[in-house]
Amino acid sequence: MEVLGIKGGLIRINGQVEAFSFGEKINKETAVVHVEKANPNIRGLYTAINMLFAQNVFPEVTYLNREEDMGKEGLRTAKESYHPEFMVEKYNIVVK
């Protein structure tokens with residue numbers, strides 16, 4: 001991770017990893033979260049890893065890009081629940 005410039009964090013509960021996240025700073029004011037995973041059976045764990053990762057790993061950035069929601073309704077709803085300042089329009093190109 002150090003060689004790639006990626007930083008990460010995790011949450012352990014009773015010694016077991018239950019959530020983790022990693023990402024990188026892409027410029028002075030923006031970091032991007034590449035992966036965020038949590039045990040879905042533990043209520044609030046996704047919110048906790050998101051908040052703690054941002055606060056502890058990238059406290060100096062203005063923007064945190066949570067990456068692509070891949071058109072999945074649950075992921076889009078989760079991203080929108082954080083009231084983003086803006087979302088980037090995405091397009092697909094098909095070469096014929």
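1. Basis. The model is predicted: local features need pLDDT of at least 70, side-chain atom pairs count only at pLDDT 80 or more, and totals for chains, interfaces and linings use all residues. Residues are numbered from 1 along each chain as its sequence is written, and side-chain values use heavy atoms, with hydrogens and water left out.

2. Sheet. Four strands form an open sheet in the order β1-β2-β3-β4, with mixed pairing. Strands here are DSSP runs of E, at least two residues, and helices are runs of H or I, at least four, numbered from the N terminus. Two strands pair if DSSP finds at least two bridges between them. β1 (7–13) and β4 (63–65) are the edge strands, each pairing on one side only. β2 and β3 (residues 30–38) are antiparallel, over eight bridges.

3. Helix. α1 (residues 45–57) lies across β1, β2, β3 and β4. Contact means heavy atoms within 4.5 Å.

4. Phe20. This residue sits in β2 (residues 16–27). Its bridge partner in β3 is Lys37. Phe20 counts as partly exposed because its relative accessibility is 34%; buried means under 20%, exposed over 50%, partly exposed in between (1.4 Å probe, protein chains only). Beyond four places in sequence, Phe20 touches Gly9, Leu10, Val35, Glu36, Lys37 and Ile49.

5. Aromatic pair. Rings of Phe, Tyr and Trp (its six-membered ring) pair if their centres lie within 6.5 Å; planes under 30 degrees apart are stacked, over 60 edge-to-face, the rest tilted. The count is one pair. The ring centres of Phe53 and Phe58 are 5.6 Å apart and the planes at 85°, so the pair is edge-to-face. Phe53 and Phe58 are both buried.

Methods
Axes are lines fitted to C-alpha atoms, for helices over the stretch in contact, and angles run from 0 to 180 degrees between N-to-C directions.
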